[in-house]
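This briefing goes from the overall fold to one helix. Have the sequence and the structure open while reading.

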Amino acid sequence: MTKSPRQRKLTGATYEISTGCGCVYVTCNDQDGQLFEVFAKLGKSGGCGSAIMEGLGRSISIGLRSGVDPADLVKTLQGIQCHRPPSCVDAVAKAVLEHVYSVEK
Ligand SMILES: [Zn+2]
């Protein structure tokens, strides 16, 4: 599958979602009307949690650019638990769900 090159300027939305791990900010940017990239940031910086959130966003983005269906990403990430519910990973799934399918959970 070919990866589309990123246009210089993309627009999207940033979702603030409170989780058991603190606030998670998930930015969903679109290109040509399709979700193109996701950035996930844990409110408190430093540590493995924020590194993993950043890596998760990058992995999602590379998947999207290679044609992965956002619905499959949501299904894969939904329900993953961490120390206190709702989980930070679930927050990423929620943001994608709301952004792409206008479903608020
Ligand atoms: Zn967490």
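What pattern does the protein follow, read along the sequence? In this predicted model, the order is β-β-β-α-α-α. The protein has a radius of gyration of 13 Å, close to the 13 Å that the globule rule gives for 105 residues, so it is as compact as a globular protein of that length.

**Overall fold**

- The protein contains three helices and three strands.
- Taken along the principal axes, the box filled by the C-alpha atoms is roughly 40 × 30 × 25 Å.
- Among the 105 residues of the protein, 26% count as buried.
- Of the contacts with a separation of 6 or more, 44% are between residues 24 or more positions apart.

**Helix H3: length and end**

- Helix H3 covers residues 88-101, which is 14 residues.
- From the first C-alpha of H3 to its last, the helix reaches 20 Å, close to the 20 Å expected at 1.5 Å a residue.

- Eleven of the 14 residues of H3 are buried, so the helix is largely enclosed by the rest of the structure.
- The buried residues include the run Cys88, Val89, Asp90, Ala91, Val92, Ala93, Lys94, Ala95, Val96 and Leu97, together with His99.
- On the strand side, the buried residues of H3 pack against E1 (11-19), E2 (22-31) and E3 (34-42).
- Helices H1 (47-65) and H2 (70-77) are also packed against by the buried residues of H3.

Methods:
Residues numbered from 1 in each chain as written. Predicted model: local features only at pLDDT ≥ 70, side-chain atom pairs only at ≥ 80, totals over all residues. Helix = DSSP H or I, 4+ residues; strand = E, 2+ residues; numbered from the N terminus. Expected span 1.5 Å × (residues − 1). Buried ≥ 20, exposed ≤ 12 C-beta atoms within 10 Å, placed from the backbone. Contact = placed C-beta atoms within 7 Å. Rg over C-alpha atoms; globule rule 2.2 N^0.38 Å.
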